Each structure stands twice: as structure tokens, then as C-alpha cells.
Amino acid sequence: MKAMLATASIAALMTGAPVAAAPAAPKPVVVRIDTARRATPVSPHEYGMFIEPIGGLVNRTLWAELLDDRKFYYPVVPASRDTPPPLNAEGRPGVTYRKWRPIGGDDAVTMDTTAPYVGTQSASVAVGGATPRGLSQDGIGVARGKRYTGHLWISGDGGAAVTVALVWGSRPEDRQSIALPSAAGDWHQADFAFTPTADSKDARLEITGTGTGRFRIGAVSLMPADNINGWRADTTAIAKSLNSGFWRLPGGNFLSDWDWHEALGPRDKRAPMFDHAWSAMQTNDLGMDEWMDLCRIIGVEPYVTVNAGLGDANSAAEEVEYLNGAATTDWGAKRAANGHAEPYGVKWWNIGNEPFGWWQIGKTSLDYYTIKHNDFAAKMRARDPSIVLIASGAMPDQLHPKGVQQNSSLESIQPKFGTEEDWTGGLFAKSWGTFQGITEHWYDRAEARPNAPRDDELMEFVRSPSNHVRMEALEWGIYQQRFPKLRDSGVFLSIDEYAYMAGPPTLKSSLAYATVLQEMLRHTDFLKMAAFTTGVSTMDITPTDATLNATGMVFKLFGEHFGAGTIPVAVDGSSPQPEPKYPVGYAHPKVVAGSPTYPLDVIAGLSPDGKTLRVGVVNATYQPQRLALSLAGATLRGGGARWLLAGKALTAENKVGAPAGVTIRETSVSGAAHGLVVPATSAAIYELPLR
């Protein structure tokens, strides 16, 4: 820091600008750490991830497929004849995709609904002499020198000569064409491969024919050759580096009208479906076998949510048997026939997704849902008694009628306990014994605060979302009073969806997520699982490259240095977190999270062997802060290390093709017993050896 100040001073002298006086050193923040007061060790599942197929979200991030609508759910027509998808239940626009377009005239392609290869229609092309006729899809991202492999299903007449081409530029040499085997006969697969000689964000795949007669095209696929069973090699490698513990999948709102049975067997023969929750087409390429493969590739446990919207208990029980049953069971035999002889052994199961929400397909009343939940639990456990069931709850601060804007306080939610706006309490009252855990979801949105002082604006932006976690912890205490059996039951809380809607991932939002994780780590006695929305929101991703973004760096920092097995210990101080200094909009709980070490937020823990003290600190101020450690129950040995998450500006980002703006740098630490200096606008984890 001294070197930085010196550099700034020299620059000012060279330009003739006045040299600003260094700010007065702040008063040390005293942090009292008692290593004898210990909480439950950090679970491997504290840094989990959530994912669902929201339109093309998975297809364009983790899944390697480069083509949209590869099974011709939509007709092949000129853009002028497109119709937009309807609004979804929340009033959001539907998801649009890149479409296939006709080549050789608007009438070059008709849709064959009589004998389609898959789904309700296939593309049919009548060729006419030497002029190519067929279809194309553009907007494909490709990288120079990278090999891409694909295939299509074709049938037709012997007089049709069919060519598939990849085009990556406007010059004649910016294309590669491959003549396919004869189209004659019934449906058969034709393979092809391309290696473009230049990068392109707008490459085009063309399938055309000349000659006489007709040819038909069924499913088409194009993927990078280095894909791993259909998953992207680069993004899955980044996902693996996060040490997430588990991923919750495959939904999400999407799940409530998806039938998992329809996504089994050969992917090309799975009919596409329309997801009414997001008003989006899905190809059904991602079934439970693919999701299990993803978890294996990235080294996490799967946490499966079953459809309790339009789905039924028998379907959920069959899903348990498909994933966990021996090959001698009915559905285990079907899994084995699909190439997976051994059971997947999925431990974690969630019944339904936000069934309380007016936006949910299959939304119902609390009274009816508890009956439904109990039926699901009984039938699922009958297929595998070893599974851990997690109910879909919601505490009163999160539940309110459509259109109501509120900032919940402990006082304002008291009348809600035991009502329709208390699904967690309802499940405790009417479904006790049918679950081992219960969920909570929250989403926070950053509010514009143009009139706030600069320091206050940063502090409130950073600490705002962690108030959701503190509110849920306080409500958990109320439930322990209302249901005394909860206290020693082992029933746990799973915050398996959460996110801060704060714009692009930057250093500023990273500090906010650091406070969220630290607040979660204060409650490991009952908060055992958490899943960030979404797993791919930790990355900056293009069609040809990916990197860990600023949010991902937070999970990397905590997952590696305050990870599973760390034993949280008590942190006290003499400077409690103050109330917000100005209004924070709505949907923000009126509680105050954080440690009593304002303006810093501090957590502490012991390494699993008890030989190292780990201290996490978030400094959401514009100046370095001095931290004075007061340690009880242990003595520092001297030395240590610090991992600092920081950047040159709060707007710093990590983007593909650019130097990382948000980094984690390791440095040695000395003299910790005499205090630590925490750099401005940073999050740090210290590891300090103990005697």
C-alpha cells in the first residue's frame, strides 16, 4: 500500500497536480475470537450450485450443442413469418432461438408431419436441378483451427445429391463443404466434421441438395470435437474448480411441467417439448442420465428435484428407482438398457420447486400440498429408504400476495406464522417425519441510491443481501420455539436458490456475495446446504471460450480456504453493525446481518486439525482498515498467509479475452498478533498457525 501511495504521489508531481494528504489511519477494529466456542463444521455442501434449463441457458454454457432447434420444433420459414412465443406466467417475454431458414426460395422447405424422424415434423426439401435448395442456421460461434463434429438424419430419393457446409466468412475459401452419402431410403445417419480457418461469431451451417426428387432432414447436431459426452470441456473444467460439493438440478420453474420419462434413450429420438414456465422450447437432450454425467464430470453430488407441479408421486418414485434401483428392478433395468448398469446412488432429493408461488405451474394451497408432499415422500422412500428428502418450504418473510411490496421485519411477520403465508411452518405441522431438510429461496435486487453518500452507498450495497440469511436464521429460532422437537431433530435448512440482482459481476458485487457466504457460515448448526443461482453465473462464457468471473472468484476463495471441515468459532466485537442509513427499496428484510465489527464483516474458524486459525474479512470501505485480534482459547504461533480478493476498481470484471480484473493473490503475513491491515474494497481470508 505504501508503494501504491508513493507511485500516486510521483505521478501527481509529474503532472503538476496537488498531492493529497494521506487519510488518517482509522481506529483499529477489535475482533475477539474464542476458539473454544465452536459450531458445526462447514458442510461440503455450503458452496453448492443450482441450474435449470431456462431457455438456452444450459445449451449455451455447459452443453456443447451449437445448433438451436436441432429437431425442427419450429417450421423452416423466412424470418417475416416468425411468431413470438407467448408471455410466461410472470408476464416475461418467451425465449426466442436462432431459426432454420430456407435456401433457394421461401417455399424450398415444407414440414413433413406424416412420417417425421422425431417429434411432430421434419424438414422436407424438393430439389430442382442445379440450383441448391435446402436450409441453413446462422449465428454459430466457431474458433479457428478447432475441430467440430456433427451428424444428421436423412432420408429421401436417390436423385437428390445433398451437401452440408460450414461457412465462416464471405470469401469463397471461408467454407468447407461435405457431400453426404445418398439420401435414398429410410432414415439413416450421416456424419461430418469441419475445421474452420478463422474465428467467427456468425458462422452458418447449410444443408442443401441438387438433382431430382426430395430429401428429408431429421435431427441435426454440431459440437466441438473435444466435448465430454456432450458437455463442454472448458466450462465443465471451470465448474469443477469451484469445489461446489453438490449441484441442484434440473430445476427450477422448468421442472413443474417437464416429464423426465420423455428424456430417456437416444437423444436424437427424444421429442422436443415446450416449457410453459419460461415460454421456451426444449430439445429434451438433457435427461437424468446427462445430468448425472455432468455431476460426475465436475466432481459433485447430484441433488435432484422432482416434479411436484404437474407431476405425481408415482412418477417421482419411478425416478428414484431409475437413478438408484438395482438393474433387477423395473426402472433400474431401463437405466441399464440405456447404458448405465450401475445405480447412480443419488442421496439428496427435493420434492417440488416453490409450490407456494403464484408463478408456478401446479401451484396449490398449503393444505392440499402437504397431502401431496406426504404421498411423494412415502412412495419415493418405498423405492429407496436411504434417500434424504428435502421439503419445499418458504418462511413468512418470503411469502406475500402477488403485487404486494414489503420490507419484512420480525414484528411484521409474526401474524403470518401458522397461516397460508408460512409454508415452512405448515410442513413442520403436517408433514413432520417425511423430510430431513427444508428449503428456502431468496432473491435480492440492488436498488439505485443516487442521493446516498459514496461510503454509505457502498456499504449498504454490499451488506444488503446478507440480511436475507440473517432473517432466515432468526425465523429458524422462532420455529424452534414453536416446534421444540425441531431443536434436536437434525432437520436442516437448505437455501438452495439465491442470488443478488446487482448488474454485471464486478468486484463490488463480489464483496456482497462474500458477506452472504460469511453470514451463511455463521449458522452451520442448521444451515447445511446452499445453492447459488445459477452455477454458470460464476463464469463469463462465449461460444468458444470461458473464464471464471468476479462472482466465481468469491466461491473459489471460500471453497478453497474456508471449505468443508472448517470449524467456525465465535466472533465478537465492540462495534455492532448499524441500521441502514437510508431506505433500501423493498423486498429487503429489516434485520441487520454481519459481525459486531463494523465497518468490517468478520468470521473465524479452525482448520479440521485445529492447528490453524482461519479469519475471513470483508472490507466494504474505501480505505484500509486495521484489525486487532483478541484471541481466547489459543495462541498464534507467528507467520501465516493471506488470500486477497481485490481489483483496481469496484467496476473491475473478469471477461473472456481480457486480463482478469478481479484476482486472488496469496501473500505471507507476519505480526498478526499485533494486528492486520485489510486493504480497501477487498475480501480476504487469513490462515494463521496456532501453537
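# Helices, barrel and buried sites

Colleague: At what angle do helix H4 (residues 313-324) and helix H5 (residues 330-337) pack?

Modeller: Both are DSSP runs, numbered from the N terminus (helices are H or I with at least four residues, strands E with at least two). Axes are lines fitted to C-alpha atoms, for helices over the stretch in contact, and angles run from 0 to 180 degrees between N-to-C directions. The axes of H4 and H5 lie 7 Å apart. Their packing angle is about 50°.

Colleague: What kind of model is this, and which pLDDT do side-chain atom pairs need?

Modeller: Residues are numbered from 1 along each chain as its sequence is written, and side-chain values use heavy atoms, leaving out hydrogens and water. The model is predicted: totals for chains, interfaces and linings use all residues, local features need pLDDT of at least 70, and side-chain atom pairs count only at pLDDT 80 or more.

Colleague: Are H4 and H5 parallel or oblique to each other?

Modeller: Under 35 degrees counts as roughly parallel, over 145 as roughly antiparallel, 65 to 115 as roughly perpendicular, and the rest as oblique. The H4-H5 angle is about 50°. The two helices are therefore oblique.

Colleague: Is the crossing of H4 and H5 left-handed or right-handed?

Modeller: Left-handed applies if the near helix is turned anticlockwise from the far one by less than a right angle, and right-handed if clockwise. H4 passes H5 in a crossing that is right-handed.

Colleague: How many charged residues does the contact of H4 with H5 have?

Modeller: Contact means heavy atoms within 4.5 Å. Glu318, Glu321, Tyr322, Leu323 and Asn324 of H4 meet Asp330, Trp331, Gly332, Lys334 and Arg335 of H5. Ala, Val, Leu, Ile, Met, Phe, Trp, Tyr, Cys and Pro count as nonpolar, Asp, Glu, Lys and Arg as charged, and the others, Gly among them, as polar. By class, three are nonpolar and two polar, and the charged residues number five.

Colleague: How many nonpolar residues are in the contact of H2 with H3?

Modeller: The axes of helix H2 (residues 233-240) and helix H3 (residues 288-298) come within 8 Å and cross at roughly 60°. H2 brings Thr236, Ala239 and Lys240, while H3 brings Leu294, Ile297 and Ile298. One residue is polar and one charged, and the nonpolar count is four.

Colleague: In what order do the eight strands close into a barrel?

Modeller: Strands pair if DSSP finds at least two bridges between them. The barrel pairing is parallel. The twist from one strand to the next averages 30°. The order is S2-S13-S16-S17-S18-S19-S20-S21.

Colleague: Which residue in S21 stands opposite Ser494?

Modeller: Strand S20 (residues 492-501) and strand S21 (residues 527-533) pair in the parallel sense over three bridges. The S21 residue opposite Ser494 is Met529.

Colleague: How many residues of S25 are buried?

Modeller: Buried means under 20% relative accessible area, exposed over 50%, and partly exposed in between (1.4 Å probe, protein chains only). Leu600, Val602, Ala604 and Leu606 point one way from S25, and Asp601, Ile603 and Gly605 the other. Strand S25 (residues 600-606) is largely enclosed by the rest of the structure, so its buried count is seven of seven.

Colleague: Which residue of S26 is the bridge partner of Leu600?

Modeller: S25 and strand S26 (residues 612-619) run antiparallel, joined by seven bridges. In their hairpin, with five residues between the strands, Gly610 takes a positive phi near 75°. The bridge partner of Leu600 is Asn619.

Colleague: Which elements do the buried residues of H8 pack against?

Modeller: Six of the eight residues of helix H8 (residues 423-430) are buried. They are Trp423, Thr424, Gly425, Gly426, Leu427 and Phe428. They pack against H6, strand S18 (388-391), strand S19 (437-445) and helix H10 (466-482).

Colleague: Which residues does Glu475 touch, beyond those up to four places away in sequence?

Modeller: Glu475 sits in helix H10. With a relative accessibility of 0%, Glu475 counts as buried. Its contacts are Met395, Pro396, Asp397, Ile413 and Phe417.

Colleague: What relative accessible area does Pro196 have?

Modeller: Pro196 is in the loop between strand S10 (185-194) and strand S11 (200-211). Not counting residues up to four places away in sequence, Pro196 touches several others, including Val142, Arg144, Tyr148 and Trp168. Pro196 is buried, at a relative accessible area of 1%.
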